Amino acid sequence: MNHLQHKTILLTGASKGIGRATALALAGLQTNLGLVARSEAELLSLKAEVEALGSQCEIFAGSVADESLAVRSTAKLLDRFGRIDVLINNAGYGNSKPFEQFTEQEWDELYATNVKGTFLFSKAVAPAMKQAGSGHIIIIASDVAKRTFATGALYCSSKYAQHAFGDAIRKELRPHKVKVSTVYSGLVDSYFHADPQGAASHSWWLQNEDMARSIVFIANQPAHVVIDEFMIHPLEQDY
Ligand SMILES: NC(=O)c1ccc[n+]([C@@H]2O[C@H](COP(=O)([O-])OP(=O)(O)OC[C@H]3O[C@@H](n4cnc5c(N)ncnc54)[C@H](OP(=O)(O)O)[C@@H]3O)[C@@H](O)[C@H]2O)c1
């Protein structure tokens, strides 16, 4: 059953990888999509694909670390479609090396995208969702929101922060019937990693489409059902 038909969905990190695959999966369900990323050219070509699949689409080029982008994209979707039903906080990246080698700038930039971006977009959509008495915020964290690895101090701590943020706002938003779901995934063959997407070393990893199918499953539940946490791995990855 398609519970997402004509629903309005704001998706960050839509230009590549998991976000792009999710946008295309949602487009096939006749949704109204707001797509956010920094690469405007990639958003423009994705918008054409989304509209060809029968969904309506607005694109917003810029960084999720910019509060004015969160406010502007939310306002535009509310103006055009009247509501925002789902926010998918997906934009993010990683950086891996011994912790003493990270610069202050690297720390600030990664936290600005992974942590502050999730805060800013959640803050922007929450009032309309609370007023509507429904809505859904989905956070694409990582399994390293629940475990760590050496050289992962910056990335893992940002994902732990997303996990804690999601847990806390879940408690605040549940009385307003707004759902909060956090996704904890293992390795996905996206643009995220040092080796390019499609590299032979990634052959056993999750595909972007596996993630997209999972995210659609989480979003496409009946009104009375919430998937609070969703853990997913390639079968060959130890966890
Ligand atoms: N790949 C994995 O193995 C894996 C595992 C667990 C969790 N994750 C999480 O999954 C999410 C998506 O990553 P991915 O694997 O799909 O990586 P990806 O292929 O590199 O895609 C990342 C997306 O985020 C966007 N983005 C990055 N920084 C941004 C910013 N400041 N403002 C707006 N958009 C920004 C990128 O677009 P632009 O460059 O155009 O801005 C791109 O669309 C991330 O949060 C990541 O931590 C990934």
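Trainee: In what handedness does α3 pass α4?

Mentor: Happy to start there, and bear in mind that this is a predicted model. Where α3 passes α4, the crossing is right-handed.

Trainee: Are α3 and α4 roughly parallel or roughly antiparallel?

Mentor: Begin with the geometry: α3 covers residues 67-81, α4 covers residues 104-132, and their axes lie 8 Å apart. The two helices pack at an angle of about 30°. Angles under 35 degrees count as roughly parallel. The relation between α3 and α4 is therefore roughly parallel.

Trainee: Which residues in α4 meet those in α3, and how many of the contact residues are nonpolar?

Mentor: From α3 come Glu 67, Ala 70, Val 71, Thr 74 and Leu 78, and they meet Leu 120, Phe 121, Ala 124, Val 125 and Ala 128 in α4. Sorted by class, this contact has 1 charged residue, 1 polar residue and, for the nonpolar class, 8.

Trainee: On to the sheet: which strands stand at the edges?

Mentor: Follow the order of this open sheet of 7 strands, β3-β2-β1-β4-β5-β6-β7, which has parallel pairing. Each edge strand has a single partner, so one of its sides is left without a neighbour in the sheet. The strands in that position are β3 (56-61) and β7 (229-232).

Trainee: What is the average twist from one strand to the next?

Mentor: Going strand by strand across the sheet, the twist averages 15°.

Trainee: Which residue in β2 is the bridge partner of Thr 8?

Mentor: Look at β1 (residues 8-12) beside β2 (residues 32-37), which pair in the parallel sense over 5 bridges. Among the residues of β2, the bridge partner of Thr 8 is Asn 32.

Trainee: Which strands do α2 and α3 touch, and what angle does each make with β3?

Mentor: Helix α2 (residues 40-52) packs on the sheet against β2 and β3, and its direction makes about 175° with that of β3. Helix α3 also packs on the sheet, touching β1, β2 and β3. The angle between the directions of α3 and β3 is about 160°.

Trainee: Now the ligand: which element gives the largest share of the shell around it?

Mentor: There are 29 residues around the ligand, with Gly 13, Gly 17, Arg 38, Ser 39 and Gly 92 the closest. Both α1 (17-27) and β2 supply at least two residues of this shell. The largest share, 3 residues, comes from α1.

Key: Residues numbered from 1 in each chain as written. Predicted model: local features only at pLDDT ≥ 70, side-chain atom pairs only at ≥ 80, totals over all residues. Axes fitted to C-alpha atoms, helices over the stretch in contact; angles between N-to-C directions. Helix = DSSP H or I, 4+ residues; strand = E, 2+ residues; numbered from the N terminus. Parallel < 35°, antiparallel > 145°, perpendicular 65-115°, else oblique. Left-handed = near helix turned anticlockwise from the far one by under 90°. Contact = placed C-beta atoms within 7 Å. Nonpolar A, V, L, I, M, F, W, Y, C, P; charged D, E, K, R; others polar. Pairing = 2+ DSSP bridges. Near = placed C-beta within 6 Å.
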